[in-house]
Amino acid sequence: MSAITRMKATFLNPKFSPLFPHLPKTKYASFAHLSRITESFIYNNPIRFPSNLSGKSTLFLSNSFICSSQNRNLQMEASRPPSGEIHVIVGPMFAGKTTTLLRRIQLESSNGRSVAIIKSSKDTRYGLDSVVTHDGMKFPCWALKNLSSFRQKFGLEAYEQLDVIGIDEAQFFEDLYDFCRETADHDGKTVIVAGLDGNYLRKKFGSVLDIIPLADSVTKLTASCEICGKRAFFTLRKTEETQVELIGGADVYMPVCRHHYVSGQVAVEAARHVLESQKLECGSCT
Ligand SMILES: [Zn+2]
């Protein structure tokens, strides 16, 4: 029995009849009739179609159905905007997130795609006109307070021509979720997002984790523990400041492994207590 004959036999098996309520159970209809019924069934009941038949369904159908559905698909494709994508790069500080973002953007650009990079205007460490990695790689960028202003500032016509948008330090953008959803779902752009997943307390930082359900891919990078050289997953703040957003580099933060995060956090907490008690003592002296 050939594969298609076997599938026809499966298709006509009365045990599938609950899926095809139009079918007479005792008397088989002609194959062309079945095709029309199946076409209507697939379009009206896309989710209920059984997984063991999905993807192979056109094999059951007549040539006229295959051609008409192909034409319909082509028409739908022509009227549909290009499909967007969202890729997320996370990890601790000094893990190479910005470097990975810039490499991906450069690759897209060398493939002839139009690209732009956005970073937060909160981070002024390397100036506002470019994204710079810790190892000195540089790329021009748009420094913005929020992402919703990008379309207007970039220019609507230029935005239409844009293929790829890179977002660096994404944890600083409160409107990250809505921006990514709209640009990928509705405008067909590829969005590559790099940012911290957690803060120095290993708690969610900004909205980066919120966009993971929207993403095509998620890459978690690691750094090297500054103390032992093993893989570092976390960022330890070396100073006594306690506010969540404290922008700084190696003077304030260090990447650490789990063991040295825990011991380092204990040491920093102890140092903080000593400093606070010294401040109190000084306060009572004056
Ligand atoms: Zn370590």
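1. The nonpolar core. The largest nonpolar core has 50 residues, and among these Ile118 and Val193 touch the most other members. A nonpolar core is here a set of buried Ala, Val, Leu, Ile, Met, Phe, Trp, Tyr and Cys residues joined through C-beta atoms within 7 Å. A residue is called buried if 20 or more other C-beta atoms lie within 10 Å of its own, exposed if 12 or fewer do, and partly exposed in between, with C-beta atoms placed from the backbone. Two or more core residues come from each of strand E1 (85-90), helix H4 (97-110), strand E2 (115-120), strand E6 (164-167), helix H7 (176-186), strand E7 (190-194), strand E11 (234-237) and strand E12 (253-256). Because domain 2 (85-221) and domain 3 (224-286) both contribute residues, the core lies between them; the domain bounds come from an automatic or database domain assignment. In soluble globular proteins, nonpolar side chains tend to be buried together.

2. Basis of the model. The model is predicted: local features need pLDDT of at least 70, side-chain atom pairs count only at pLDDT 80 or more, and totals for chains, interfaces and linings use all residues. Residues are numbered from 1 along each chain as its sequence is written.

3. Overall composition. The protein chain contains eight helices and twelve strands. Helices (H or I, at least four residues) and strands (E, at least two) are DSSP runs, numbered from the N terminus. Of the 286 residues in the protein chain, 27% are buried. Among contacts between residues at least 6 apart in sequence, 71% join residues at least 24 apart. Two residues are in contact if their C-beta atoms, placed from the backbone, lie within 7 Å.

4. Surroundings of Ile118. Which residues does Ile118 touch, not counting residues up to four places away in sequence? They are Cys141, Trp142, Leu144, Leu147, Phe150, Ile165 and Ile167.

5. The open sheet. Six strands, in the order E5-E2-E6-E7-E1-E8, form an open sheet with parallel pairing. Strand E5 (142-144) and strand E8 (217-220) are at the edges with a single partner strand each, so one side of each has no neighbour in the sheet. Neighbouring strands of this sheet are turned by 20 degrees against each other on average, direction ignored. Two strands count as paired if DSSP finds at least two bridges between them.

6. Strand E6 and its partners. E2 and E6 pair in the parallel sense over four bridges. Val115 stands opposite Val164 in E6, and Ala116 has Ile165 of E6 as its bridge partner. E6 and E7 also pair in the parallel sense, over four bridges; here Val164 has Thr190 of E7 as its bridge partner.

7. Helix H4. H4 packs on the sheet and touches E1, E2, E6 and E7, with its direction at about 160 degrees to that of E7. Such angles run from 0 to 180 degrees between N-to-C directions, and the axes are lines fitted to C-alpha atoms, for helices over the stretch in contact. Thr100 is found in H4. With 18 C-beta neighbours inside 10 Å, Thr100 counts as partly exposed. Thr100 touches Ile89, Ala194 and Leu221, not counting residues up to four places away in sequence. Thr100 and Ala194 are 94 residues apart along the chain, while their C-alpha atoms are separated by 8.4 Å.

8. Helix H7. H7 lies across E1, E6 and E7 and runs at about 155 degrees to E7. In H7, Leu176, Phe179, Cys180, Thr183 and Ala184 are buried. Why do they lie on the same side of H7? They cover an arc of only 105 degrees around the axis, which puts them there; the arc is that of the directions from the helix axis to the C-beta atoms. An α-helix has 3.6 residues a turn, so residues three or four places apart point the same way. The buried residues of H7 pack against E1, E6 and E7. Just after H7, Gly188 takes a positive phi of about 70 degrees.

9. Most residues other than glycine have a negative phi. Phe94, in the loop between E1 and H4, has a positive phi of about 65 degrees although it is not a glycine. Phe94 counts as buried, with 20 C-beta neighbours inside 10 Å. Glu169, in the loop between E6 and H7, has a positive phi of about 50 degrees and is likewise not a glycine. Glu169 is buried, with 24 other C-beta atoms within 10 Å.
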